Each structure stands twice: as structure tokens, then as C-alpha cells.
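Here are my notes on the model you sent. They are set out as numbered points, to be read alongside the structure.

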Amino acid sequence: MLSYLTRWMSRGAFQALKGASSRPQLVKTPHIGNQTLAAAPLPFTGGSPGIRQARALDQERLLQIDWDDGSCSLYPFTWLRDNCQCPHCTLQSAQARSLLFSNLDVHTGMDQVQLMENKVSITWPDQHSSEFDPDWLKKRCFSSEARQALQEELFLNEREYWDSSLQIPTADFEEVLHDDKAALAWLEALRRIGIVYLRGAPAEQGQVARLSQRIGYLRLTFYGHTWQVQDKPMANNVAYTSGELSLHTDYPALHHPPGVQFLHCVRQADQGGESEVVDGFHMAEQLRREDPEAFNILSSLRVDFTDSGADYCDFSVQSKNHIIE
């Protein structure tokens with residue numbers, strides 16, 4: 001039996017798969033109880049936003065952008081200079097800042113602001129020039145709506161809490177391996193709900209590695225990259241026994257516990273072998289409502305977790321973590 005909390009998935013893998021579908025229409029997936037997965041790409045707004053006016057507010061040290069749709073955005077001078085997109089300040093191939101903090105004047109003003117071919121052109125006191133596209137500025141607007149949209153795009157914040165009425169979403173193993181839209185739908189459901197059942201994997205070892213390499217890479221642990229959960233004499237883990245396991249989160253002794261775990265049933269036990277899962281987010285929220293003091297203790301007090309033994313290698317690890325994170 002197993003329970004786990006899905007914490008992170010590879011953002012790089014998600015972005016790569018998301019790019020595979022060329023702006024498909026948004027499909028609304030059913031709420032709890034769905035039996036199959038549908039691709040649900042992030043919504044987008046077509047067309048480039050138009051700028052009606054750009055002007056510097058010297059006293060407030062803000063750049064004001066008036067958009068054609070009637071809205072207004074404010075950008076701090078220092079933030080704009082720090083985020084200059086020119087080849088001298090940004091390594092384009094890495095989309096990363098190359099401007100040194102030691103070369104940044106945090107008290108900078110603006111010498112000139114111009115609107116040229118619907119781009120905002122800024123000349124700074126040291127005569128350095130910066131150009132900003134409307135799309136880039138609009139996406140990074142400091143309004144609460146824009147910030148929320150960027151949060152949703154980067155971190156997929158949508159969650160569904162569930163209880164015993166959940167019908168676990170399912171997908172086809174081979175489709176996930178070979179179809180980008182199916183893989184994206186699988187990852188989105190995994191992020192949103194925390195568990196997905198893949199059907200149709202060959203009943204032989206090696207399938208977990210195939211699935212993992214579809215979206216990223218395997219993390220090496222002291223049990224190896226993958227391992228067989230089976231009854232063993234002199235077991236160094238309670239999972240290697242035929243006894244019943246309590247609900248748990250795996251590897252709390254690691255500083256970075258696994259974000260996603262893959263389990264593949266190669267051969268079903270003659271008796272037993274049922275799996276149980278629980279939504280840790282749902283239980284934590286219920287505890288917060290019913291017993292706030294207990295929730296505060298479990299989410300603030302650090303507990304020691306230790307694990308030692310020998311498997312892929314000798315190991316002795318220790319960490320301090322909250323029961324609820």
C-alpha cells in the first residue's frame with residue numbers, strides 16, 4: 001500500500017511537451033470522477049497588445065504604459081534597467097541576465113522614453129539603450145491579474161482535493177510514451193490530482209525507466225535508479241515484507257524527497273497486494289479547519305527522520321522536516 005504527495009514535476013519536461021501542441025483549443029476536463037484524460041493546454045490570448053502612450057513618472061521613478069484597451073501598467077525604473085533585454089545585459093541563448101549587479105545603478109533615472117514601432121525605447125543616464133516588446137511588458141505587468149496568470153502558467157496551481165469517492169483518472173501507457181498530447185494530459189492530471197493509473201504496460205521489468213525517461217531522468221537513490229518491491233529475507237525496509245503498510249510519504253529522511261513516484265505491478269500477489277492512497281492536501285485542509293492548533297504544530301515543528309542500511313550502497317541519512325509541508 002502506498003500514499004504519496006506530488007510536489008514537483010519537471011518544469012522543463014512540461015514546457016517541452018506543452019510546445020508540441022500548436023495552440024490547441026482549451027478543453028475543460030471533468031471534475032473528480034473522470035475516467036479518461038483530455039488535453040487541457042493553458043489558455044492564451046492572440047494578438048499583440050497595443051501601446052497608446054509611454055511616459056516616465058520621474059518623481060515616483062515609474063514608467064507608465066497606457067494600453068490601447070484602456071488599462072494602465074506601472075514599471076519601476078530599477079526593475080526595467082535590471083531586466084534590459086539587449087545582448088549586453090541578457091544572454092539570449094540562455095534567456096538569462098548577464099548584467100552584473102555591480103554595474104547596476106539602483107537609483108537610476110531615465111533620460112528619454114520613446115514609443116518606436118510599438119516598442120518602448122528607453123535611454124538611461126549612462127546612454128545605454130533598452131527596448132521592450134509590448135508582449136513582454138504586458139505579461140510581466142505588476143497587476144494582480146497578470147501576476148496570477150503568470151503564476152498559473154509557471155506553476156500549474158490548480159488542485160483538486162479528493163476523498164474515497166475519487167475515481168482515479170486513467171491513461172494508456174503506450175499513448176503516453178508516444179503521443180505528446182497524451183503525455184501532457186497525463187502530467188497535468190498528475191499535477192492537479194496527484195495520482196494517475198496507466199493501463200497497458202508490458203508485464204516485464206524496465207517499463208518504469210521507459211516512462212521516466214519520457215519526461216526527464218531517473219534520480220539515483222541508495223536503492224538504485226529502480227528497484228523491485230518484493231518479499232525478502234532480512235529485509236532492510238518494511239516495504240520488502242509481506243506485511244501491511246500504513247499510509248506514508250516515502251523518503252522523508254532525504255532533504256529532497258521524491259516529487260513523483262512510478263510503481264509498476266509486474267506480477268500480482270495471489271492474496272493481498274491492494275494499494276491505498278490518500279490526498280494529503282485534503283487531509284491537511286480538513287485538519288486545519290477542525291483542529292487549528294494541531295495543524296500549526298504539525299506544520300511548524302521540525303521532526304528528525306533517519307534511515308540507515310545497505311542496498312545499492314551503504315547509507316545513513318538524516319533530515320529535519322515538518323509533518324505537514
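1. Which backbone oxygen does the side chain of His-322 reach? The model is predicted, and in it the His-322 side chain reaches the backbone oxygen of Ser-300, at 3.4 Å.

2. The setting of that histidine comes next. His-322 belongs to strand β12, which covers residues 314–322. His-322 counts as buried because its relative accessibility is 18%, and the cut-off for buried is under 20%. Leaving aside residues up to four places away in sequence, His-322 touches Leu-298, Ser-299, Ser-300, Leu-301 and Arg-302.

3. Now the nonpolar cores. The largest one has 18 residues. Leu-63, Leu-80 and Val-120 have the most contacts inside it. At least two residues each come from β1 (51–57), β2 (62–67), α2 (77–82), β7 and α3 (134–139). β2 gives the most, with 3 residues. In soluble globular proteins, nonpolar side chains tend to be buried together.

4. For Cys-89, the nearest cysteine sulfur is that of Cys-86, 3.7 Å away. The cut-off for a disulfide is 2.5 Å, so Cys-89 is in no disulfide. Cys-89 is buried, at 3% relative accessibility. Cys-265 is partly exposed, with a relative accessible area of 49%.

5. Gln-95 has a phi near 50°, a positive value in a residue other than glycine. Gln-95 sits in the loop between β4 (90–91) and β5 (96–97). With 74% relative accessibility, Gln-95 counts as exposed.

6. Gln-127 is the other one. Its phi is positive, about 70°, although Gln-127 is not a glycine. The residue is in the loop between β7 (119–123) and β8 (129–132). Is Gln-127 buried or exposed? Gln-127 counts as exposed because its relative accessibility is 53%, and the cut-off for exposed is over 50%.

Technical notes
Residues numbered from 1 in each chain as written. Predicted model: local features only at pLDDT ≥ 70, side-chain atom pairs only at ≥ 80, totals over all residues. Heavy atoms only, no water. Helix = DSSP H or I, 4+ residues; strand = E, 2+ residues; numbered from the N terminus. Buried < 20%, exposed > 50% of the residue type's maximum accessible area, 1.4 Å probe, protein only. Core = buried A, V, L, I, M, F, W, Y, C linked by side-chain atoms within 4.5 Å. Polar contact = N/O pair within 3.5 Å; in protein donor to acceptor, adjacent residues only side chain to side chain. Contact = heavy atoms within 4.5 Å.
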